[in-house]
Amino acid sequence: MTLTLPTPASPLKIGTRGSPLALAQAHETRDRLSSAFDLPSDAFEIVVIQTTGDNQRLIDADQPLKTLGGKGLFTREIEAAMLAGEIHIAVHSMKDMPVLQPEGLILDCYLPREDVRDAFVSLKVDKLGDLAEGAEVGSSSLRRKAQLLNRFPHLKVIEFRGNVQTRMRKLNEGVADATFLAMAGLNRLGMADVARSAIEPEDMLPAVAQGAIGIERRLDDLNTAGLLEAIHDGVTGQRLAAERAFLAALDGSCETPIAGLAELDGGTLRLRGEVLRPNGSEVIADDRTCAIEDGPELGRAMAKDMLAKAGPDFFSWR
């Protein structure tokens, strides 16, 4: 089909949250589209939409995400704006995205994936293992909390929310001795030096889709679909297809600590996964390989087998 390209008079509207990282991701999307079609930057309009998850009062109160509504906290208002025709696309951190999109919307464009590792951030020590017994580590991630308690039971975990800038402020105020961020976000902000160290996946398996940017659109907007095809990264799509199938089959909510990472080597996909009790007392893990095209099937099969191994008592805390 012949594409209708955006112009300064009729720009493509890009919806995003207003945090510095969200804006950096929106600008990366705009710049890739601009380059792909040799368009001026003002052929695109970045539209900031405040989500429930960005409410400063809730962030300062450090309330757990699952008590506020889970992953949809960061997407509902943006998706509503897209369904209403107020924006053409939405740019998301994929680790924040529910596995199912609202009717009429689709996620089928991904930018090249960044560093998947977690960053250890502290003003006191260089590595996670250097923290003294009883040190307080702040995190709002159920996965990171459970992994920390499983491997470092001598540490304490406290609720700790906010963007990079907010979390650094809280560390300076002594709210916690350390926290975690995503290396991908720090790299995109030009703040990699904030990390005291990067934690290898062998020591802390990352969240499903960590480091990936996804671009959501209306299902019936074929012109926008054609534009996005030009910037879609197929390798990232293959990796996320396996990871998100694994997540969906386990529990796509924000209420279960789950980690997952797919990596490609030639024509082979390796998928590692974990599901943990929130208190870190038990972890069930698996590590499998398959042909790349079989990644989603492998993800579902791995999840099914892990659920069978866990048994009903594993989820008694829900």
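This tour visits selected salt bridges in the structure above. The model is predicted, so local features need pLDDT of at least 70 and side-chain atom pairs count only at pLDDT 80 or more, while totals for chains, interfaces and linings use all residues. Residues are numbered from 1 along each chain as its sequence is written, and side-chain values use heavy atoms, with hydrogens and water left out.

Side chains of opposite charge can pair when their charged atoms come close. A salt bridge here is a side-chain nitrogen of Lys or Arg within 4 Å of a carboxyl oxygen of Asp or Glu. By this rule, the count is 23 salt bridges.

Please select arginine 17 and aspartate 96 first. Their closest N and O atoms are 3.8 Å apart, forming a salt bridge. The two residues are 79 residues apart in the chain: arginine 17 lies in the loop between strand S1 (12-16) and helix H1 (20-37), and aspartate 96 in the loop between strand S3 (89-93) and strand S4 (105-110). Helices (H or I, at least four residues) and strands (E, at least two) are DSSP runs, numbered from the N terminus.

Next, consider accessibility. Buried means under 20% relative accessible area, exposed over 50%, and partly exposed in between (1.4 Å probe, protein chains only). Arginine 17 is buried at 18%, and aspartate 96 is buried at 17%.

Lysine 95 is partly exposed, at 28%.

Finally, select arginine 196 and aspartate 126, whose side chains form a salt bridge (2.6 Å, N to O). Arginine 196 is partly exposed at 35%, as is aspartate 126 at 43%.
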